[in-house]
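This report walks through one protein model, from its overall make-up to single residues. Keep the structure open while reading.

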Amino acid sequence: MRAWRAHAPISVVLACVLGVCPAAALAQPPPSLAALASAIIPGLGQASYGDYEAAAAHFGIFAVSLSAAVYYQHKPDFLNDDARYDSAGEREYINQTTLRRDFALRLATDTVLYSSFGAYRDARQRDDRAYRTPAPKESLSELALAPFSWEFLSRPTTFIPLALQAWAVSRGKYAYGIYRGHDVSTRDLHLYNITANEFTAVGEEGFFRGFVNNEFSDRWGDGWGLTGSSLLFGIAHTGQGQTADAVEASIAGAYLGWMHQRNGFQIGEGVALHYWINVLAGIAAIRNGGSAPLLSLRVPF
């Protein structure tokens, strides 16, 4: 949810930093402008260079999932943030309507992020100008399978951070817990955890590393590019719920960005690491929670 709130302002910041106007009517927009266009309206970047099939698919998925999110958010049993999160920030309460809204909004958000990356990737591959950074190459199917690739999971840069995360989870270092209503099972939460984080890993790595880190590094060099993309990744995280706060996300973004540069500006390993870090944190939150009579936790407005 935090990425949906942040993506539009970040697109404006990026437009200013990159010195482009997303509203410019260009027959063949540069890759950065195509990416910004799809970050504002999914599929717009693809449409700008004639890939109308991809444009329709991206916009269609975004529109349907966002409509579903709005539908569930307006149902009477939807839990607003005041009822959903405790004041200490260590507990989250969830019912089926809220879980469905979250899933739909996650899909909408990550479609925006992936569409931006896809527009950048495809425009870079069509562009014959010289760049200091290589063009992204990985397809959506390759990125979707990346978390389950032994090629990535066997690398020390992936399995060492994952081992540390698994150790922290097993030692009970995460106090955050998710408490579910009578209409939500533990299976529902685990299913949400393993599927929604697939969207997030592909979308966030595609946008913040595949587009932003690549573009910034091309313009300013690897050091400043890494710094800029890491800070933007931090800004996009609020720390609400079990998500990282801005400082934690900036540090994680720096590591993922460094790994991205090290891998020739391809994002597969980052997708794998990002996915399993999130999944392990989700497992800990589910384990630390339990069932709760959510109706007694509703507050009057």
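What percentage of the 301 residues of the protein count as buried? The value is 51%.

## Overall make-up

The model is predicted. The protein contains 13 helices and three strands. Among contacts in the protein with a separation of 6 or more, 74% come from residues 24 or more positions apart.

## The sheet

The three strands make an open sheet in the order S1-S2-S3, and the pairing is parallel. Strand S1 (91–94) and strand S3 (290–291) are at the edges and have a single partner strand each, so one side of each has no neighbour in the sheet. In general, the strands of a sheet pair through backbone hydrogen bonds, and the pairing is either parallel or antiparallel.

S1 and S2 are paired over four bridges, in the parallel sense. Ile94 has Arg180 in S2 as its bridge partner.

## Two packed helices

A pair of packed helices is described by the angle between their axes and the distance between the axes. For helix H10 (residues 186–220) and helix H11 (residues 222–235), the angle is about 145° and the axes are 7 Å apart. The crossing of H10 and H11 is right-handed.

On the H10 side, the contact is made by Glu204, Phe208, Arg209, Val212, Asn213, Phe216, Ser217 and Trp220. On the H11 side, the residues are Asp222, Trp224, Gly225, Leu226, Gly228, Ser229, Leu232 and Phe233. Sorted by class, the contact of H10 with H11 has eight nonpolar, five polar and three charged residues.

## Nonpolar cores

The largest nonpolar core consists of 14 residues. Phe207, Phe208, Phe211, Val212 and Leu232 have the most contacts inside this core. The elements that contribute two or more residues are helix H2 (31–40), helix H6 (96–126), H10 and H11. H10 supplies the largest share, five residues.

There is also a second, separate core of twelve residues. Tyr114, Ala201, Val202 and Val279 are included in this second core.

## Residues in helices

Val202 is located in helix H10. With a relative accessible area of 7%, Val202 is under the 20% cut-off and so counts as buried. Apart from neighbours within four places in sequence, Val202 is in contact with Tyr114, Leu140, Leu143, Ala144 and Val271. Val202 and Leu143 are 59 residues apart along the chain, and their C-alpha atoms are separated by 6.3 Å.

Leu107 is found in helix H6. Is Leu107 buried or partly exposed? Its relative accessible area is 23%, so Leu107 is partly exposed. Not counting residues up to four places away in sequence, Leu107 touches Ile61, Ser65 and Phe199. The C-alpha atoms of Leu107 and Ala69 are separated by 9.4 Å, and these two residues are 38 residues apart along the chain.

Ser230 belongs to helix H11. Ser230 is buried, and its relative accessible area is 6%. Leaving out residues up to four places away in sequence, Ser230 touches Ser250, Gly253 and Ala254. Ser230 and Ile251 are 21 residues apart in sequence, with a C-alpha to C-alpha distance of 7.2 Å.

## A residue with positive phi

Where does Phe265 lie? Phe265 is in the loop between helix H12 (246–262) and helix H13 (268–288). This residue is buried, with a relative accessible area of 6%.

Most residues other than glycine have a negative phi. The phi of Phe265 is near 65°, a positive value in a residue other than glycine.

Notes: Residues numbered from 1 in each chain as written. Predicted model: local features only at pLDDT ≥ 70, side-chain atom pairs only at ≥ 80, totals over all residues. Heavy atoms only, no water. Pairing = 2+ DSSP bridges. Axes fitted to C-alpha atoms, helices over the stretch in contact; angles between N-to-C directions. Left-handed = near helix turned anticlockwise from the far one by under 90°. Contact = heavy atoms within 4.5 Å. Nonpolar A, V, L, I, M, F, W, Y, C, P; charged D, E, K, R; others polar. Core = buried A, V, L, I, M, F, W, Y, C linked by side-chain atoms within 4.5 Å. Buried < 20%, exposed > 50% of the residue type's maximum accessible area, 1.4 Å probe, protein only.
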